[in-house]
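The following note sets out numbered points for a colleague's review. Please read each one beside the coordinates.

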Amino acid sequence: MKTPIVKRYTSEDRILWNKFVEESKNATFLFHRDFMEYHSERFEDYSLLVFEDTVLIAVLPANIEKGVLYSHQGLSYGGVVLSKKIKFPKVLACYKAILQFLATRKIEELILKPIPRIYQKLASDEVDYILFLLKSTLIRRYLTSVIEQQNSILNIQSNRKEGVKKAKKHQLTIREDSDFEVFWNTILIPNLKSRHQATPVHTVEEIEKLAIQFPNNIRQFNVYNKDKIVAGTTVFETNEVAHIQYISSDENRQKLGSLDYLFSTLILEVYKDKKYVDFGISNESQGLKINTGLQYWKECFGARSISHDFYNIKTNNYVFLENVLL
């Protein structure tokens, strides 16, 4: 087997990169260059491509900060993206080549956050074994609340159904909107500011631009009391997963049942054919704390937990990938 060749991404690789991501076994639209580069001014891109001769066999979406490589700080998840046909010995060689490439450039650490299994098109657990071989350090672990849509055992609980009854009593309506501004400016931004002294990851201009570029992947659903918006959610869709990117409502959500109504509708109707609905994390303090109220609310819809891990890899540990194959 030939030794893979690693090179840094440049704009000349854009078409090749995007085509590879679309055809890979473990990537989503988040790895498309149009998505990665919507906030390019915030990160120094250090993405890598791995070739066997002239054939691209892997890519690593990444940025560099203070001499540490991250996969990628602007994305919810990352890791090495692999072709569908690649077999384990070549995957092992890719990781070794990437780490060796970084080590020779005095980049001593790689922070890797592998893509969760529910987003993978084909089995891609090679990374777990390779992280073990590399003596990687688990530095953070989040819990993500996920509904398996085909699991009929976990039904929506009665307290959430009571919220739906309230919403119908108040004649709330749900609409899919192409205009993100009303949700951002009326509901999301004020809530994040008052409750968490925070702002959305995406500005309204950014999310609108991304929605235009990825119309089949980014959708906005709002709840209205007559003509007044009272709640909403932004959903990032992939082949198998509807990921709830943002959730927010006004102060009357308990009285109106707005969020219960919205998510019952999404789970039972809009996304009934998806394999998973991913509510995202309920963690705080870098994974060390759980917002129990938020976690409970998600679990009342039938969600249960999967883990999302972050690892620190010492690049010089590529030597541990030698002599693995008998």
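1. His202 lies in the loop between α6 (181–196) and α7 (204–213); helices (H or I, at least four residues) and strands (E, at least two) are DSSP runs, numbered from the N terminus. The model is a predicted one, in which local features need pLDDT of at least 70 and side-chain atom pairs count only at pLDDT 80 or more, while totals for chains, interfaces and linings use all residues. Residues are numbered from 1 along each chain as its sequence is written, and side-chain values use heavy atoms, with hydrogens and water left out.

2. Is His202 buried or exposed? With a relative accessible area of 3%, His202 is buried; the term buried means under 20% relative accessible area, exposed over 50%, and partly exposed in between (1.4 Å probe, protein chains only).

3. The side chains of His202 and Tyr38 make a polar contact at 3.0 Å. A polar contact is a pair of N or O atoms within 3.5 Å; within protein, one must be able to donate a hydrogen and the other to accept it, and residues adjacent in sequence count only if both atoms are side-chain atoms. Not counting residues up to four places away in sequence, His202 touches Phe35, Tyr38, Trp184, Ile207, Leu210, Phe236, Gln245 and Tyr246, where contact means heavy atoms within 4.5 Å.

4. An open sheet of eleven strands has mixed pairing and the order β2-β5-β6-β8-β17-β9-β14-β13-β12-β11-β10. Its edge strands, β2 (44–45) and β10 (173–177), each pair on one side only. Two strands pair if DSSP finds at least two bridges between them.

5. Within this sheet, nine of the ten residues of strand β12 (residues 228–237) are buried. Strand β11 (residues 218–225) pairs with β12 in the antiparallel sense over eight bridges, and Val223 has Ala231 of β12 as its bridge partner. The hairpin formed by β11 and β12 has two residues between the strands, and Lys226 in the turn has a positive phi of about 60°.

6. Strand β13 (residues 241–249) is joined to β12 by seven bridges, and the two run antiparallel. The bridge partner of Gly232 is Ser248 in β13, while Glu237 stands opposite Ala242 in β13. A hairpin through three residues joins β12 to β13.

7. Ser71 belongs to strand β6 (residues 68–71) and counts as buried at 1% relative accessibility. Leaving aside neighbours within four places in sequence, Ser71 is in contact with Leu60, Pro61, Ala62, Tyr77, Gly78, Gly79, Ile111, Leu112 and Lys113. A polar atom of the Ser71 side chain lies 3.2 Å from the backbone nitrogen of Lys113. Ser71 and Lys2 are 69 residues apart in sequence, and their C-alpha atoms are 26 Å apart in space.

8. How far apart are the end C-alpha atoms of helix α3 (residues 88–104)? They are 24 Å apart, which agrees with the 24 Å that its 17 residues should span at 1.5 Å a residue; the expected span is 1.5 Å times one less than the number of residues. The buried residues of α3 include Val91, Leu92, Tyr95, Ile98, Leu99, Phe101 and Leu102. After α3 comes Lys106, whose phi is positive, near 65°.

9. The structure holds zero disulfides, a disulfide being a pair of cysteine sulfur atoms within 2.5 Å. Cys94 is buried at 0% relative accessibility, and Cys300 is buried at 1%.
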